[in-house]
Amino acid sequence: MTMTVRRLTRAATAGLVAAAALTAAAHSAEAADTLGSAAAGQGRYFGTAVAANHLGEADYAATLDREFSSVTPENEMKWDATEPSRGTFSFGSADRIVDHAQSQGMDVRGHTLVWHSQLPSWVGSLGASDLRTAMNDHINGLMGHYKGEIHSWDVVNEAFQDGGSGARRSSPFQDKLGNGFIEEAFRTARAADPAAKLCYNDYNTDGVNAKSNAVYDMVKDFKSRGVPIDCVGFQSHFNSNSPVPSDYRQNLQRFADLGVDVQITELDIEGSGSAQAADYTKVVEACLAVSRCTGMTVWGVTDKYSWRSSGTPLLFDGNYSEKPAYDAVLSALGGSGDPGDPDDPGDPGDGTPSCTATYTRTADWSSGYNGQVTITAGGEPISSWTATVTLPAQQSVSALWNGTPTWSGNVMTVRPSWNGTLAAGASTGFGFTVAKNGSDAAPVIGTCTAS
Ligand code: G3I
């Protein structure tokens, strides 16, 4: 195993870093409210997923540093990034995020140690005994490098199938090591860093359903047999197909009642405006109603870098303006954010025109589909907007309405035809018909710009 000298350096500084984080939280509680300081007032953290390659972007870093008290590396701690070939660890990108977080007094969530996805092919080709050794070496390699620096680790991620069966998902670990791989991973993790909270993390487990029942049964079994587990992460990726469940709080509470913390780990909610804001409020209120819900993490800083960017699911738009969802979260956290503060980007009176663009497929047939892009003005009235639609290479647009297109390759830039002027918060949109030509993939909607 190749272990860098940073391991020693990191471990030696960890105590100082923890003290710095507490000091920063105490200071920020007195300053103007932000997501992190308002959540700290409720005894919670408020975090975000971070990508190392965006840290050099001034607005990205400024928003991150101002608002959040915890970070989760979005991809940089995954197996393919950290141990691309057996025994050779590479921590460069993850270290950048951890160093940045520590310099700002933020805590770090570790994501993730054992997962079927983003797994290098060498792992899948091992026999059972070798795979067990490799899994434990991987856990020890990561947790050793960051010992004392991670508040919670997603030890095992997404080990259960979707759908009604509540069965385990097929993976090299499940298929070769059987059900016991999960508890083995947790036992190894406890020994590797006894100070870190050890979490099981999954999606579509946010309400009471067959999948969450299966996870519940596993956690209950672990607690009864003394398998070390401290928390359950609820990813909470929501959209119209998977809305915030009405029994979300109840579900968090039943897990907490097993004697584990619960955390909302990858929150994003597709949509815009007041409907999106109301959904975010439901999530924050559910966490605050459960005393063992120790914190929330949104899955990205800005809509433009979200894994679901066309669904604009986050709290800051592509221009880093605060969205109505931001004001709703801050308010639900008890923050004294002033939605009408002209000094706040995105609030009425800030003088900065902004807009968001959201996409839906409104009709679908074998050879084509209709798409609709909704343009919504931010906190200022706007007189014009521009949105880009990048089509998969095979597809072509046969009709477009309520907008004026210009083309560059497969990128269609759309400006208003008659509908450029919008009041603050008002919406318009354009539609188009696409010939699939063999590709059913969705177009990618770029950042909306306004003047
Ligand atoms: O970095 C490469 C880039 O060099 C390359 O040009 C490009 C071409 O596709 O790919 C880039 O890597 C992408 C990476 O994100 C960074 O942007 C990968 O293809 C892409 O697969 C990867 O997606 C990540 C996804 O996990 C992979 O499973 C998303 O960013 C990340 O948000 C998402 O996060 C997951 C959680 O870990 C677990 N829960 C669900 C959640 C959402 O899918």
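Let us start with threonine 112, which sits in strand β3 (residues 107-115); strands here are DSSP runs of E with at least two residues, helices are runs of H or I with at least four residues, and both are numbered from the N terminus. The model is predicted, so to speak of a local feature a pLDDT of at least 70 is needed, and side-chain atom pairs count only at pLDDT 80 or more, while totals for chains, interfaces and linings use all residues. Numbering runs from 1 along each chain as its sequence is written, and side-chain values use heavy atoms, with hydrogens and water left out.

**Around the ligand**

Histidine 111 also leads us to the ligand: with Glu74, Lys78, Glu158 and Glu266, His111 is one of those that come nearest among the 14 residues around the ligand.

| Side chain | Ligand atom | Distance |
|---|---|---|
| histidine 111 | oxygen | 2.7 Å |
| glutamine 118 | oxygen | 3.0 Å |
| glutamate 266 | nitrogen | 2.7 Å |

On its own the ligand has 790 Å² of accessible area, and the protein covers 45% of that. These areas come from the Shrake-Rupley method with a 1.4 Å probe; for residues, only the protein chains shown count as cover.

**Strands and their partners**

Which order do the strands of the open sheet follow? The 4 strands run β10-β11-β16-β13, with antiparallel pairing; two strands pair if DSSP finds at least two bridges between them. β10 (355-365) and β13 (396-401) are the edges, and each has a single partner strand, so one side of each lacks a neighbour in the sheet. On average, neighbouring strands of this sheet are turned by 25 degrees against each other, direction ignored; the axes are lines fitted to C-alpha atoms, for helices over the stretch in contact, and angles run from 0 to 180 degrees between N-to-C directions. Between β10 and strand β11 (residues 368-377) there are 10 bridges, and alanine 357 has isoleucine 375 in β11 as its bridge partner.

Elsewhere, strand β15 (residues 411-415) is joined to strand β12 (residues 385-390) by 4 bridges in the antiparallel sense, with threonine 388 opposite threonine 413. β15 also pairs with strand β14 (residues 404-408), antiparallel over 5 bridges, and proline 405 has valine 414 as its bridge partner. The hairpin of β14 and β15 has 2 residues between the strands, and glycine 409 takes a positive phi near 60 degrees there.

**Disulfides**

How many disulfides does the structure hold? There are 3 disulfides, each a pair of cysteine sulfur atoms within 2.5 Å. One of them joins cysteine 199 to cysteine 231, with S to S at 1.9 Å. The torsion about this S-S bond is about -75 degrees, so the disulfide of cysteine 199 and cysteine 231 is left-handed. Distant parts of the chain are linked in this way, as cysteine 199 in strand β5 (residues 197-202) and cysteine 231 in strand β6 (residues 231-234) are 32 residues apart.

Definitions and conventions: A residue is near a molecule or strand if one of its heavy atoms lies within 4 Å of it. A polar contact is a pair of N or O atoms within 3.5 Å; within protein, one must be able to donate a hydrogen and the other to accept it, and residues adjacent in sequence count only if both atoms are side-chain atoms.
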